Amino acid sequence: MDNSPLQVLTVPTAPYPDQRPGTNGLRKKVYVFQSRRNYLHNFIQSIFSSIDLRDRQGSTVVVGGDGRFFNTTATEVIVQMAAANGVGRMIIGHHGIMSTPAVSCVIRKYKAIGGIILTASHNPGGPDGDFGIKFNSANGGPAKEAVTNKIFQISRTIEEFAICPGLQVDLTTLGKQMFDLENKFKPFTVEIVDSVESYANLLRNIFDFAALKELLSGENHIKIRLDAMHGVVGPYVRRILCEELGCPANSAINCVPLEDFGGQHPDPNLTYAADLVDSMRDGQYDFGAAFDGDGDRNMILGKHGFFVTPPDSVAVIADNIFCIPYFQHTGVRGFARSMPTSAALDRVAKATKIELYETPTGWKFFGNLMDAGRLSLCGEESFGTGGDHIREKDGLWAVLAWLSILATRRQSVEDILKDHWLKYGRNYFTRYDYENVDIDAACEMMEDLEIMIADKSFVKQRFAVEDKIYQVEKADNFEYTDPVDSTISRNQGLRIIFSDGSRIIYRLSGTGSDGATVRIYIDSYEKEQVFEETQVMLAPLATIALKISQLHHRTGRSGPSVIT
């Protein structure tokens, strides 16, 4: 057997112009990574080159993915390139799999300089699906814009990459693997770790597991249904909810991670998690939840499929935050929501006299506030909820937060929501997604819309639908100045705010790999009429939103792909 040091090679390459990381990293169709020469290598080298060589030397980097197609291949390449770029230790989830919240946890636990997450989140997988690469910084959260911009600039001029092609890592065996490299004094170490244990231990220190076990498997236990949608969360659900907290094994479905997510779209909403919704309708389950591909998103359901909107979910957790022991110890520093998310959380913040931050979409903005000690709980309308225990949104944490509330209050999900609406009033909220729209048509529509709402005459305009009249009070392109470091984020979404506080928001989303996604968000507050149908209550504003934008005419679409 050859025990000579492994050779490090420098390989010439040519740049690609399209490796700009979006809010959630670089996402492309799998075939782009497979068919374009050195496409993967270029981007990984750009990540390593963005880190100062002195910081890189001997450092620790974490790698984990959601198990989608191409995950293993990419992990093996990343290990070979990390070794060649001076990294001293890699910590990798067993079989290359680790949820996004767990990666954030492990980065923080081992004081790594960062982590590479292989996921396209809630986008489809398989050979014809999407693949993604996201870089998280030393705080465990998504890299800031200055870092992703640096990665992009390097990718546009890259001429070579470093790799150790003879290094073959075994992702199937737990434990340490050591490799001697030429011209390196210390061996390169790869640690294959249990993907669940560090994260599970973190949750044990946040929640009252004894109370949760009583709720889920005690004498008067509730029945729950959890759908992992064949994503990464399956093993976490089985280990924590079933084995540790005593849920019957058949409470958890679709818990085996699959490269194509079973041919499904691993997106926890009413459209793509329809099987879970259907299974809840007959009333045999008291609580239901679904998770996305990489485990950071969640959907909460009550008995008979009662749907909790993500903005309501974070507001209810905020109002019941001391049901979670962690916050009894740390106190509550602040609440935050992304701008398109309904203002339900604002009402709790006002009543409890806790600071409320409104940020652009993207968890990195929350992370900055958390690092500065200003934020404890936050949420996005796109099924993301989380606390300051890590720097990512966290689907399983949100489920345990809800179960903690149920354990304390001993009410149904629906009754908790209805009590909340009676106490605070209700923000009716919906989002229309128009997916895979022609990019040029979408951009032109947004440009024309911005010109229209920027005109001074647009403010005070009135729009009448049936017996309702809405008057524009404010219209702008949302801009955010970070209170921590004063960085300014512009062009974060077009807002039309009416005199009664209702809002229409338009955004172009950057999380897909194909075409553009146009999103329309509608948020309307009612103090008295809190038990009506959402789409009925929001129909007048939806009509106005389509009339102002001319979206159906401009995009050739007759209706949205998804309504949430």
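Contact here means heavy atoms within 4.5 Å of each other. By that rule, Leu403 touches Leu212, Leu215, Leu216, Ile222, Ile224, Leu241 and Phe287, leaving aside residues up to four places away in sequence. The model is predicted.

**Nonpolar cores**

- The largest nonpolar core has 78 residues.
- Leu241, Phe287, Trp397 and Leu403 have the most contacts inside this core.
- Helix H15, residues 395–409, gives the most to the core, with eleven residues.
- A second core is separate and has 44 residues, including Ile51, Ala74, Met81 and Ala143.
- In soluble globular proteins, nonpolar side chains tend to be buried together.

**Helices H9 and H15**

- Helix H9 spans residues 234–244.
- H9 packs with H15 at an angle of about 25 degrees, and their axes are 12 Å apart.
- H9 is therefore roughly parallel to H15, because angles under 35 degrees count as roughly parallel.
- An α-helix has 3.6 residues a turn, so residues three or four places apart point the same way.

**Helix H5**

- Helix H5 covers residues 100–109, and eight of its ten residues are buried.
- H5 is therefore largely enclosed by the rest of the structure.
- The buried residues of H5 are Thr100, Pro101, Ala102, Val103, Ser104, Cys105, Val106 and Ile107.
- Their cover includes four strands: E3 (60–65), E4 (89–97), E5 (114–118) and E6 (130–136).
- Helix H7 (197–204) and H9 are also among the elements that cover them.
- After H5 comes Lys111, with a positive phi near 55 degrees.

**Cysteines**

- How many disulfides does the structure hold? It holds zero.
- A disulfide needs two cysteine sulfur atoms within 2.5 Å.
- Cys255 is in no disulfide either, and its nearest cysteine sulfur, that of Cys242, is 6.6 Å away.
- Is Cys247 buried or exposed? Cys247 is buried, with a relative accessible area of 6%.
- Cys255 is buried too, with a relative accessible area of 5%.

Terms used
Residues numbered from 1 in each chain as written. Predicted model: local features only at pLDDT ≥ 70, side-chain atom pairs only at ≥ 80, totals over all residues. Heavy atoms only, no water. Core = buried A, V, L, I, M, F, W, Y, C linked by side-chain atoms within 4.5 Å. Buried < 20%, exposed > 50% of the residue type's maximum accessible area, 1.4 Å probe, protein only. Helix = DSSP H or I, 4+ residues; strand = E, 2+ residues; numbered from the N terminus. Axes fitted to C-alpha atoms, helices over the stretch in contact; angles between N-to-C directions. Parallel < 35°, antiparallel > 145°, perpendicular 65-115°, else oblique.
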